[in-house]
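I opened my notebook to look through a new structure, and you are welcome to read along.

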Amino acid sequence: MSRRFALWLSPLLVVFGATGAGAADLFRTDTGPGVADFSGVEIGPDIGVALGTAGSANISGPAGGAHVGYNFQASRIVGGVEGDVTFGSIRSGSFGSASFSQDFLSSARVKGGYVFGNLLAYGTLGPAWSTTDYKYLGDSSGQTVKGLAFGIGAEYPITRNVSLRAELLRYNFEGATYVVPPSPQSLTTSTNVARIGASVHF
């Protein structure tokens, strides 16, 4: 329980440590003439679907959570930091007598992008974490795995302080060994998450 709570907090602490006092000014996203303003703090929900592999098995399921970040903007160039937490029901398909599940993903990433009119297109990259569980004939072994998250996204303002976004992220995790009878199993997990979300800008 304490490990999962610490993982949940880790990307948020990274982001909040970088924001400073930037949350004081509301209504930062501008849909008026000129380039939209994405600078400052943003926070909001995400919902989507996860598809990937655990060893030789396919995994899939719904995934949703929240993100918080801080952006810096110079003319049309945007950079920033962002953390996210994602909860889901990501399960393996046919895996013989075994099953695999992934219920939590998290990442702390840097972002870089360019504003085309009012549309922000960006790439993102950073460390990631996930809780996983392997079951075989009633025995279970859980592992927290670490890796790298990277992907692309786009964001578009619909009011002065609310924007919509879409992202495609890939999480590549290190291999982990799950100790279950009759012998330990080593699996490497990769998860793709396609999601949409909304952000409130401060």
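**Entry 1: the model.** I noted before anything else that this is a predicted model.

**Entry 2: a peptide bond.** Then I looked up the bond that joins P181 and P182, and I found it to be cis, with omega about 5 degrees. I placed P182 in the loop between β8 (176-178) and β9 (185-187).

**Entry 3: phi angles.** I kept in mind that most residues other than glycine have a negative phi. S75 is not a glycine, yet I read a positive phi of about 55 degrees for it. I found S75 in the loop between β2 (57-74) and β3 (77-92). Is S75 buried or exposed? Exposed means over 50% relative accessible area, and S75 counts as exposed because its relative accessibility is 60%.

I then turned to L137, which is not a glycine but has a positive phi of about 50 degrees. L137 lies in the loop between β5 (119-136) and β6 (139-157). With a relative accessible area of 60%, L137 is exposed too.

**Entry 4: salt bridges.** I recalled that side chains of opposite charge can pair when their charged atoms come close. How many salt bridges does the count come to? I wrote down 12.

I picked out the pair E42 and K111, whose side chains meet in a salt bridge at 3.2 Å, N to O. E42 lies in strand β1 (residues 40-54) and K111 in strand β4 (residues 98-116), so this pair ties together parts that are 69 residues apart in sequence. I saw that both E42 and K111 are buried.

Next I looked up R165 and E82, which meet in a salt bridge at 2.7 Å, N to O. R165 is in strand β7 (residues 162-173) and E82 in strand β3, 83 residues apart, and the pair links distant parts of the chain. Buried means under 20% relative accessible area, so R165 counts as buried at 4%, and E82 counts as buried at 1%.

My last pair was R195 and E167, with the closest N and O atoms 2.9 Å apart in their salt bridge. Because R195 lies in strand β10 (residues 189-201) and E167 in strand β7, the pair ties together parts 28 residues apart in sequence. I noted R195 and E167 as buried.

**Entry 5: the network.** Which residues do salt bridges that share partners join into one network? I listed E42, D46, E82, D84, R109, K111, E155, R165, E167 and R195.

Methods:
Residues are numbered from 1 along each chain as its sequence is written. This is a predicted model: local features need pLDDT of at least 70, side-chain atom pairs count only at pLDDT 80 or more; totals for chains, interfaces and linings use all residues. Side-chain values use heavy atoms; hydrogens and water are left out. Helices (H or I, at least four residues) and strands (E, at least two) are DSSP runs, numbered from the N terminus. Buried means under 20% relative accessible area, exposed over 50%, partly exposed in between (1.4 Å probe, protein chains only). A salt bridge is a side-chain nitrogen of Lys or Arg within 4 Å of a carboxyl oxygen of Asp or Glu.
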